[in-house]
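The sequence and the model are shown first.

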Amino acid sequence: MPPPRTRETALRRRLAELRGPDVPAKALDARALAALAANPGCERRAILDGAGVNKTALASALGAPSAFGQSQFALTRGNAFEARVKSDGGAELLRLVHEKLDRAAEPPSHAQVPELTAIGPEGRTARTALALREATTAEGWTLLDHPMLALDVAGSPAFLEPDAVVVHPDGSWTVVEIKSFPMLDGSADPAKVGAAARQSAVYVLALEEVAARLDPPPRVRHHVLLVCPKDFSNLATASAVDIRKQRAVTARQLARLTRLQDIADALPEGTSFAPELPPEELTAAVEAVPATYAPECLSACELAFHCRERSRTAGAVTSLGRSVRAELGGLTTVEDVLAAARGEAGDPDDPAVAALRRAAELRAEALGSRQGAACH
């Protein structure tokens, strides 16, 4: 007799149906998980990523191809910078970790760099876990170059590859993220730093799962090291980034992914996101899942152009940005906002409505004063 069909098995089967027959799943990576945390209210992104849908192919099939992603030049430059930082056994990288995060420890004059190669992601994950366990009790510096970690996402493992993980002499673990954007006078683009922090938070959560299996569990540091070029040179500089907030948000969002079954159950029977479907059918399938578009999606999601067009067509205030949306309360469309400002709709006791009407009065007074001055 076959084993009973569990809810988890049913969810995997349902997600495979949504992805399309014989369409391989696109593995979740840290960037995708970080983007989920950046826009936790978007059910569309949650179900598409949870089902392993290739959103680049989907966007092209919808007629709104994505411009999201790094250029080949940026990738080459980033790889060259990372290789430079890790050269000579990672001496420069370890120096930065010591300087920015652990000055009380002995300087890393000598460090272990274990071999992490193995067959397949499962083999590499097991080899990384073994190296971490051995390094934790070694009472010295250890650099893990491109370790492989596994994070449980809605019942399935997502395999993640941080740039580096450093084990300190006290046995604690630090995530190192190496980026090719510059730090100018000690600071970098806040948006890019925020994206790097969210990505690092995913790695920290994965490391915490590894640490939880050890006795006693080692400390996974919540300050990660962000390494970037100094100004416009090839020299490395670094900053300690506190990712506790990003970690908490990401953990909550990953917990919400257990709701994928609820999102999938709400979709019409036969819904599929297979890119080879006719455009009308594919569009209907995508539109059946609510989206939460914001301009920030343009730098984080392959479907951003499609969602932006739909948001603008619907007159949704989310297309103006999350901060504007938050200020407008229950007013969800541009037409609602204009009607409230003109006094044609809205509750006068609503602070957002009152502010809009006051702004409209001030604008009318200003225009009237200007017209009066022009007449004279």
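## Contact between α2 and α3

Residues count as being in contact when they have heavy atoms within 4.5 Å. The model is predicted. In it, A32, A35 and L36 of α2 meet R45, A46 and D49 of α3. Sorted by class, this contact of α2 with α3 holds four nonpolar and two charged residues, and no polar ones.

## Geometry of the pair

Two packed helices are described by the angle between their axes and by the distance between those axes. For helix α2 (residues 30-38) and helix α3 (residues 43-50), the angle is about 160° and the axes lie 10 Å apart. Angles over 145 degrees count as roughly antiparallel, and α2 and α3 are therefore roughly antiparallel to each other. The crossing in which α2 passes α3 is left-handed.

## Cavities

How many cavities of 30 Å³ or more does a search of the whole structure find? The search finds two. The largest cavity contains about 70 Å³ of space. Its lining is made up of 11 residues, and those closest to the centre are A46, Q253, R256, R259 and I263.

Helix α3 contributes here too: α3, α8 (244-256) and α9 (260-265) each supply at least two residues of the lining of the largest cavity. By class, that lining has six nonpolar, two polar and three charged residues.

Technical notes:
Residues are numbered from 1 along each chain as its sequence is written. This is a predicted model: local features need pLDDT of at least 70, side-chain atom pairs count only at pLDDT 80 or more; totals for chains, interfaces and linings use all residues. Side-chain values use heavy atoms; hydrogens and water are left out. Axes are lines fitted to C-alpha atoms, for helices over the stretch in contact, and angles run from 0 to 180 degrees between N-to-C directions. Helices (H or I, at least four residues) and strands (E, at least two) are DSSP runs, numbered from the N terminus. Angles under 35 degrees count as roughly parallel, over 145 as roughly antiparallel, 65 to 115 as roughly perpendicular and the rest as oblique. A crossing is left-handed if the near helix is turned anticlockwise from the far one by less than a right angle, and right-handed if clockwise. Ala, Val, Leu, Ile, Met, Phe, Trp, Tyr, Cys and Pro count as nonpolar, Asp, Glu, Lys and Arg as charged, and the others, Gly among them, as polar. On a 1 Å grid over the protein atoms alone, a cavity is a set of points where a 1.4 Å probe fits but cannot get out, and a pocket is an open set with protein on both sides within 12 Å along at least five of seven lines; lining residues have an atom within 4 Å of a point. Grid points are joined across faces, edges and corners, and a volume is the space filled by probe spheres set on the points.
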